[in-house]
Each structure stands twice: as C-alpha cells, then as structure tokens.
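The exercises below each set a task and then work through a solution step by step. Please look over the sequence and the structure before reading the solutions.

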Amino acid sequence: MGVLRILEIIFFFYFASHIPITLFIDLQALLPAQLYPQQLKDLLRWYGAEFRDPMMLDPPTWFKSFIFCEALVQIPFFPIAAYAFLKGGCKWIRTPAIVYSTHVATTLVPILAHILYYPFPTEPHPGPQTQKERYTLAVIYAPYLLVPLMLLFTMLFSSAYNTNTQGGKGSAYNTNTQGGKGSAKAKKIK
C-alpha cells in the first residue's frame, strides 16, 4: 500500500467520523436543545467539563459562526469526501477538497489562538486555566488543522490529483504509452 493510499484512508476516516461528531455534538450549539436526547446533551456537558472547553458549552458568537459554516457547507461535503477517498483516485474531489481544507485550516488558527491565549473565566463554564489544560484542549482541536493541511498539500502536490505536475495522468508529459516509449508530443516537450 502506497503513501497516497494511506493518506486517502486517513482522509476517509476523518470525513466519515466528522459526520456523527458534527450532527450529534457540534450542532448542539446551534439547534434547539429539545432535538437532542439527554445522553447526547450529557456527553457534551461531560466533554466540556472534562477537557475545559467552554466554547462548546457556551459558544461565543464568532465560534457559532464557524459551527454555522460547518452545518451549511461542510456537512453536505463530508459524505461526498468520505466516498471519494474510500474509493481513491477521484480527481473530481480536488477542487472541493482544496476549498474545504483552506476554509477549515483558516478557522482553526483563531480557535487555537483563543485556546492558547484567551484568559478564560472560571464561571459558569470553566475554561483551561493552566498551560497543561490549554495544551490538552489544543491537542483535541489540532487534528482539525493538521488533517486539512495534509489534505491541502496532497491535492496541490500529488501527481494523482494534480494534473499539472509531471507524470500525472492527463499531463502533457505522460510516458505511459504503448511500449514504454513516450509519444512524439511528449518527446517534443522534453
């Protein structure tokens, strides 16, 4: 199994796991509480208290705007992306994946900065107070920066997805012609 296939499997699990996380946890910040069973509300409260994440328990307006984008734009994309990366080699996912990864990486910068530097209150929902608590919470959010960056670099630089790089399918320089000899067109480009 090649590196690209391993990355595609990572992307598949990332998007597939993001569907229930968004629907059952993240959207509790936007949707009426009566839509969720008590077990899911308890799970969110436990998470918020255990990992000192007041943004999920009482999200500031700017954070709600990120969740709104997640609900409006990202949720429809998750199953499509999960399918594309499970199947592998789906070139049509390149542009949507670049848009998605750029958007998510951009939103994670202020979230991580907030976690690391904001003077969180201790009431009503205590935020991280020590460096260890801040780093722990940052580690929970970090995959939502790291995986989109990996996705972005894969879409930009992998010859399997970027037809503008040499050697990729559909590129002007393709030596995968009959007999292993390049076509006349490919020889001219050399």
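Predicted model: local features only at pLDDT ≥ 70, side-chain atom pairs only at ≥ 80, totals over all residues.

**Exercise 1.** Find the cis peptide bond and say where its proline is located.

Solution. The cis bond joins Glu-123 and Pro-124, with omega at about -5 degrees. Pro-124 itself belongs to the loop between H5 and H6.

**Exercise 2.** Describe the overall make-up of the protein.

Solution. Counting the elements gives 8 helices and 0 strands, and reading along the sequence gives the pattern α-α-α-α-α-α-α-α. Of the 190 residues in the protein, 36% are buried. Turning to contacts (heavy atoms within 4.5 Å), 63% of those between residues at least 6 apart in sequence join residues at least 24 apart.

**Exercise 3.** Check the length of helix H2 and work out how its buried residues are arranged.

Solution. Helix H2 covers residues 38-50, which is 13 residues, and at 1.5 Å a residue it should span 18 Å; the expected span is 1.5 Å times one less than the number of residues. The end C-alpha atoms are 18 Å apart, which agrees with that expectation. The buried residues of H2 are Leu-40, Leu-44, Tyr-47 and Gly-48. Seen down the axis of H2, these buried residues fall within an arc of 95 degrees, so they line one face of the helix, the arc being that of the directions from the helix axis to the C-beta atoms. An α-helix has 3.6 residues a turn, so residues three or four places apart point the same way. On the other side of H2, Gln-39 and Ala-49 are exposed, while the cover over the buried residues includes helix H1 (3-24), helix H3 (54-57) and helix H6 (131-141).

**Exercise 4.** Which residues touch the most other members of the largest nonpolar core?

Solution. A nonpolar core is a set of buried Ala, Val, Leu, Ile, Met, Phe, Trp, Tyr and Cys residues joined through side-chain atoms within 4.5 Å. The largest one has 42 residues, and Phe-15, Phe-85, Ile-93 and Tyr-141 touch the most other members. Elements that give two or more residues to this core include H1, H2, helix H4 (61-87) and helix H5 (94-117). Leaving out residues up to four places away in sequence, Ile-93 touches Phe-77, Ile-80, Ala-81, Ala-84, Phe-85, Met-155 and Tyr-161.

**Exercise 5.** Is His-18 buried or exposed, and what does His-18 contact?

Solution. His-18 sits in helix H1 and is buried, with a relative accessible area of 5%. Apart from neighbours within four places in sequence, His-18 is in contact with Asp-26, Glu-70, Phe-78, Tyr-100 and Tyr-144.

Notes
Residues numbered from 1 in each chain as written. Heavy atoms only, no water. Helix = DSSP H or I, 4+ residues; strand = E, 2+ residues; numbered from the N terminus. Buried < 20%, exposed > 50% of the residue type's maximum accessible area, 1.4 Å probe, protein only.
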